[in-house]
2 protein chains.
Amino acid sequence: MPQCHDTDLKQVTLTAPFWRNYQALVREVVVPYQWDALNDRVADAEPSHAIANFRIAAGRADSQFHGMIFQDSDVAKWLEAVAYVLSLQRDPALEQAADAVIELIAAAQQPDGYLNTYFTLVAPAERWSNLAECHELYCAGHLFEAGVAYFQATGKRALLEVCCRFADHIDATFGAAPEKLHGYPGHPEVELALLRLHEATGNARYLALAGYFVAQRGAQPHWYDEEYEKRGRTAYWDDHGKGWMVHDKAYSQAHLPVCAQPHATGHAVRFVYLMTGVAHLARLQGDAELRQACLRLWDDMVQRQMYVTGGIGAQGWGESLTSAYDLPNDTAYAESCASIGLMMFAKRMLQMEGEARFADVMERALYNTVLAGMSLDGKAFFYVNPLETVPRAMAASHAHDHVKPVRQRWFGCACCPPNIARVLASLGRYLYTDREDALYVDLYAGGETAFERDGACFTLSQRTDYPWDGRVEIAIVADRPFTTTLALRLPDWCVGPTLSLDGAPLAFDARRGYAAVAREWQPGQRLVLELPMPVRRVSSHALLRQTAGKVAVQRGPLVYCVEQVDNGSELHHLALPRAAEFSLLPGEGVLAGMTLIEVDGQRRLGHADADTLYRYDAADPQWQPQRLRFVPYFAWSNRGEGEMRVWVDAL
Amino acid sequence: MPQCHDTDLKQVTLTAPFWRNYQALVREVVVPYQWDALNDRVADAEPSHAIANFRIAAGRADSQFHGMIFQDSDVAKWLEAVAYVLSLQRDPALEQAADAVIELIAAAQQPDGYLNTYFTLVAPAERWSNLAECHELYCAGHLFEAGVAYFQATGKRALLEVCCRFADHIDATFGAAPEKLHGYPGHPEVELALLRLHEATGNARYLALAGYFVAQRGAQPHWYDEEYEKRGRTAYWDDHGKGWMVHDKAYSQAHLPVCAQPHATGHAVRFVYLMTGVAHLARLQGDAELRQACLRLWDDMVQRQMYVTGGIGAQGWGESLTSAYDLPNDTAYAESCASIGLMMFAKRMLQMEGEARFADVMERALYNTVLAGMSLDGKAFFYVNPLETVPRAMAASHAHDHVKPVRQRWFGCACCPPNIARVLASLGRYLYTDREDALYVDLYAGGETAFERDGACFTLSQRTDYPWDGRVEIAIVADRPFTTTLALRLPDWCVGPTLSLDGAPLAFDARRGYAAVAREWQPGQRLVLELPMPVRRVSSHALLRQTAGKVAVQRGPLVYCVEQVDNGSELHHLALPRAAEFSLLPGEGVLAGMTLIEVDGQRRLGHADADTLYRYDAADPQWQPQRLRFVPYFAWSNRGEGEMRVWVDAL
């Protein structure tokens with residue numbers, strides 16, 4: 001299997017407005033707001049207590065632990081986001097704040113390397129006694145990701161060293177040896193993080209430990225049962241019944257060994273976090289069986305259980321996947337974090353497989369669900385990303401308790417906002433896959449990225465107005481010629497892409513979804529990829545009943561939706577005639593800079609008599625022509641509360 | 001307001017096969033099975049413990065209380081059903097069993113009249129301390145209904161006397177006097193039962209007590225809060241959070257005084273049980289304000305929140321109503337008991353108003369949801385009555401946890417089976433409304449019913465094959481002529497009804513939905529009402545998004561559905577062309593005797609590639625002609641597990 005190097009995040013600079021604006025929002029709005037939130041300084045939000053917990057654990061304050069059992073991870077995700085922000089642009093004040101947090105974290109670390117404020121403060125005797133439910137390894141993983149990112153961004157080793165001491169402690173605690181614990185995390189994350197720590201430090205024990213956690217998962221007798229009995233059948237969570245998280249092992253993807261799991265199942269975030277680690281491990285260890293599991297579970301996820309917006313997790317119960325071809329639009333969960341995890345999984349599959357289909361899905365998740373997770377002003381977030389909302393019906397329907405019609409500023413379980421921040425700030429990690437067989441361009445985004453081939457440094461300089469326009473210009477910036485295969489992704493939504501080099505058409509092999517060009521490249525050469533971007537109608541598999549007879553609208557990577565503010569209420573009566581021609585128009589106000597879509601559609605006129613819910617033998621329905629306006633799904637709910645719908649009736 | 005007498009259940013004898021068969025099932029299958037269940041003699045069901053609890057409370061067994069806090073009510077509902085069965089046909093063995101149960105109940109009654117096995121055995125000090133949650137008055141109400149019915153059926157007073165002692169105890173405990181408790185039931189039922197007890201005994205205190213409970217409901221300071229504080233904030237139920245039933249007062253329709261409630265809301269069964277009592281009270285007391293509340297809340301229920309099957313309660317959470325125009329088909333609750341309660345509410349509205357629209361809804365609930373609640377062999381029951389099921393999707397989707405694709409034999413919370421038994425056995429109570437202004441025929445069913453006018457006894461003898469045929473023959477059986485207005489209901493689904501008397505067309509006034517004929521009737525006269533019964537397409541209000549563009553099929557009072565066994569799977573692709581002609585055919589096998597419907601429809605052919613969930617710019621959908629078969633909704637799921645759907649796409 002080809003060897004690949006993680007793209008160095010410091011060498012990616014995004015210059016095109018689309019992503020530059022998002023990254024500026026993260027830097028200027030999201031990270032500062034979250035810093036205030038972590039420090040309990042946001043007046044209209046529940047206090048987070050996350051920094052306070054560390055202060056108490058470090059012996060610098062005298063109070064009690066508050067917050068979720070995984071509250072520490074919010075600090076880690078903030079630090080990781082800060083690392084990416086600093087990698088994009090220096091900011092001494094921010095770096096100073098981060099350094100102070102890191103010093104605080106180090107002070108909270110126990111002499112044996114253990115680090116978790118909940119267990120240190122609340123239940124020191126219960127460390128590692130409830131892996132199924134208690135998120136210790138999950139928090140560890142987020143800390144490791146922060147430590148790696150902060151080291152790569154700043155060169156500072158303090159947090160990395162905290163992480164290594166903690167990882168060494170975990171390594172001394174878990175493993176196959178009889179005296180060690182034979183458990184593994186209820187919420188995967190530490191696996192993918194140990195592999196990043198391994199790559200950053202070169203320490204092979206972290207690779208082995210990740211391998212142990214993956215191999216041990218689902219083994220019999222089951223660890224969750226063993227520790228449950230050992231601690232006297234106590235349970236931490238009881239939302240769905242005492243010990244449900246222990247007993248419903250598929251929720252944690254621990255019902256079977258990973259290689260034996262037939263379907264994508266359980267808590268969606270857990271699933272993709274686990275598989276991100278598994279795919280990374282499969283590549284690093286050249287494990288064919290793990291690779292097959294990755295391919296099988298990926299396919300089950302994207303071919304049976306993924307929303308057209310790249311969301312996964314069809315139900316609020318357990319924030320989890322359901323079954324094949326069951327994707328309700330209005331009660332969807334489609335958690336922002338799950339689509340972020342899906343991007344991470346996709347990235348690891350790209351590194352292993354070099355196939356564009358993984359990038360197609362990564363792009364779908366990024367441009368739709370992940371972006372929809374944050375408001376255009378960076379100040380509010382969706383945890384849940386439905387494909388249909390009817391606010392008037394949501395208040396009284398508890399089936400919609402998890403669905404909000406407008407974004408919220410912060411959450412008691414605040415996983416999504418910092419997760420969105422870190423993925424947007426580190427977007428450069430997702431653009432290219434640098435493999436031995438080729439340098440793959442997976443996503444198109446204006447910016448500069450440096451690479452190395454045979455000792456020669458060169459930069460690919462992308463210029464594009466993507467996702468609004470499909471023209472991508474890639475300039476070769478180098479001191480001297482170099483030879484490599486450049487593989488430019490041909491998106492699945494694109495028909496008839498063309499490539500030219502310095503103005504002359506360039507033939508290419510379409511190879512696993514890429515236009516692959518192998519040649520000696522000259523400094524100053526200019527590749528132009530034209531990706532025609534017509535508006536396309538999307539239809540769904542016959543077994544998917546929730547979208548039967550309906551159509552979604554997509555242009556480039558963007559899925560569109562209709563909103564009440566543009567189209568009136570009762571969006572369920574809008575219909576899109578099959579032959580209607582789309583036209584493009586520029587967005588205005590908060591949608592300025594976006595390309596909107598209009599089309600001559602129809603509105604079904606049903607009866608509206610207040611005293612008759614049902615009518616017999618109604619006349620054929622009357623249709624009224626209506627100009628329909630579609631806006632990018634990621635931009636919905638930025639103009640007040642109202643109905644929204646992705647799938648409209650096809651007429 | 002006109003005064004009305006409750007129809008004496010003993011004088012109604014149903015002879016036509018449709019109802020006779022159902023009543024035979026209740027007598028021969030349901031009541032014996034439930035007797036075994038109550039006595040824990042059903043091998044494959046959880047023990048009920050209901051009779052055992054009474055034995056322990058009576059000091060005849062030494063064990064512990066088991067079951068729901070309202071387990072006693074299962075015994076009461078069984079006794080009430082037995083009473084109706086005995087009123088239809090003598091059965092000494094059954095009567096002996098019932099007498100023994102009544103003797104046992106009497107033995108369990110406390111010296112002060114109190115009667116409830118849970119509190120007597122588990123928490124004797126906590127009587128009446130948690131009305132919001134603990135169902136003591138609910139159980140009392142069911143006992144009163146049983147006592148009244150058993151007295152009316154058999155003339156035996158033992159249970160009625162137990163009830164009166166208990167009612168007197170309640171009357172001594174609750175009321176406006178400062179030393180009394182100012183509470184009222186969390187689950188309404190005792191109000192409607194006290195009014196039946198009042199009518200059976202003539203005791204005005206029971207009327208006054210029902211009036212107190214209704215008037216006190218929702219008063220401030222709120223009783224639920226007062227008792228909650230008094231008992232130290234303990235809660236009995238915690239499914240949705242500690243004390244949720246105390247705090248979510250709309251769940252129990254206790255958020256506001258009844259007269260101030262704007263919408264039908266909360267637990268659906270509670271709502272209709274409450275309103276049954278309120279409508280009865282409004283009539284008996286001539287209370288204009290209560291009557292307006294009944295009319296308003298009735299309209300909100302049937303014009304905004306009722307399924308086409310007569311089901312109410314759109315969500316599993318709290319088995320409750322949601323909001324206007326929100327009726328999901330696949331996650332519907334539409335509890336069998338709620339539609340039974342809706343029939344009870346409708347009956348009281350008929351007595352008060354004499355308007356056919358209440359009977360239209362009563363009939364809709366009876367012939368669709370209530371009948372669907374029981375299998376054709378009387379051996380299994382639906383608690384929840386969805387309008388769409390896809391079994392393959394239900395196992396993994398917790399939004400469908402409450403929905404079963406096939407009927408169950410018994411339930412831990414076994415309210416529905418005995419409720420269905422008692423309503424079917426007492427169906428005669430719902431056929432006629434005998435008011436001073438007219439004798440109203442509300443439902444058509446072959447049978448004999450005796451009435452009295454000016455001292456003259458006469459019998460109306462209905463002959464009809466309803467609901468399969470709309471011809472209804474009513475013979476006047478009397479010794480001598482009598483004068484009255486006969487008001488024959490003109491169902492809302494019927495266009496062009498005609499009436500004849502002894503073969504000659506008879507003119508009639510259509511008055512509030514009835515064909516009213518005022519005359520002197522001669523013995524032997526024969527009225528024939530012809531209700532044309534074409535198959536009708538039903539469409540829904542424009543605001544009801546879940547049925548937009550869809551159509552349901554109804555013939556007479558019966559709503560039909562498509563099932564997988566007749567039409568193949570993926571019912572979401574079936575479409576009914578607007579002009580297609582329906583044809584009728586006889587059912588076979590378990591559907592023998594039923595009228596089925598066929599029509600030339602279409603099936604949408606979507607793509608079915610396993611590796612593609614979404615497709616771009618798919619060709620116009622192909623349609624394949626398919627003969628569609630519709631079966632009565634009440635008969636669904638009697639031929640194995642499969643998809644079912646009431647609303648199909650209109651083409």
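Across the interface of chain B and chain A in this predicted model, 41 residue pairs are found in polar contact, both partners having pLDDT 80 or more. Four elements of chain B each give two or more residues to the side that touches chain A, namely helix 13 (288-304), helix 16 (391-394), strand 14 (535-540) and strand 20 (614-616). Strand 14 of chain B provides the largest share of that side, with 5 residues. Sorted by class, the residues of chain B that touch chain A comprise 26 nonpolar, 18 polar and 18 charged ones.

The extent of this interface can be given both in residues and in area. On the side of chain B, 62 residues are in contact with 62 residues of chain A, and the area buried between the two chains is about 5,300 Å², with carbon and sulfur atoms giving 52% of it. The count of salt bridges between chain B and chain A is 6. In the salt bridge that B:D330 forms with A:R545, the closest N and O atoms are 4.0 Å apart.

Inside chain A, the division is into domain 1 (49-250), domain 2 (253-430), domain 3 (449-530) and domain 4 (535-650). For domain 2 and domain 3 of chain A, the C-alpha centres lie 30 Å apart. The contact between these two domains of chain A involves 10 residues of domain 2 and 10 residues of domain 3. About 780 Å² is buried between domain 2 and domain 3 of chain A, and carbon and sulfur atoms give 44% of that area. On the side of domain 2 of chain A, the residues that lose the most area to domain 3 are A:A356, A:D360 and A:E363, which together make up 52% of what that side buries.

The two interfaces can be set beside each other as follows.

| Interface | Area buried | Share from carbon and sulfur atoms | Salt bridges | Residue pairs in polar contact (both at pLDDT 80 or more) |
|---|---|---|---|---|
| Chain B and chain A | about 5,300 Å² | 52% | 6 salt bridges | 41 residue pairs |
| Domain 2 and domain 3 of chain A | about 780 Å² | 44% | 2 salt bridges | 7 residue pairs |

Which helices supply the side of domain 2 of chain A that touches domain 3 of chain A with at least two residues each? They are helix 15 (336-353) and helix 16 (356-372) of chain A, and helix 16 of chain A gives the most, with 6 residues. By class, this side of domain 2 of chain A has 4 nonpolar, 1 polar and 5 charged residues.

A few features of the backbone remain to be described. Most residues other than glycine have a negative phi, and most peptide bonds are trans. In chain B, the peptide bond from B:Q220 to B:P221 is cis, with omega near -5°, and B:P221 has its place in the loop between helix 9 (204-216) and helix 10 (223-230) of chain B. B:Y466 and B:P467 are likewise joined by a cis peptide bond, for which omega is about 5°, and B:P467 lies in the loop between strand 6 (456-464) and strand 7 (471-478) of chain B. In chain A, A:D454, a residue other than glycine, has a positive phi near 50°, and A:D454 is found in the loop between strand 5 (447-453) and strand 6 (456-464) of chain A.

Technical notes. Residues are numbered from 1 along each chain as its sequence is written. Chains are lettered from A and ligands numbered from 1 in the order in which they are written. This is a predicted model: local features need pLDDT of at least 70, side-chain atom pairs count only at pLDDT 80 or more; totals for chains, interfaces and linings use all residues. Side-chain values use heavy atoms; hydrogens and water are left out. Domain bounds come from an automatic or database domain assignment. Contact means heavy atoms within 4.5 Å. Buried area is the accessible area (1.4 Å probe) that two parts lose on being put together, summed over both. A salt bridge is a side-chain nitrogen of Lys or Arg within 4 Å of a carboxyl oxygen of Asp or Glu. A polar contact is a pair of N or O atoms within 3.5 Å; within protein, one must be able to donate a hydrogen and the other to accept it, and residues adjacent in sequence count only if both atoms are side-chain atoms. Ala, Val, Leu, Ile, Met, Phe, Trp, Tyr, Cys and Pro count as nonpolar, Asp, Glu, Lys and Arg as charged, and the others, Gly among them, as polar.
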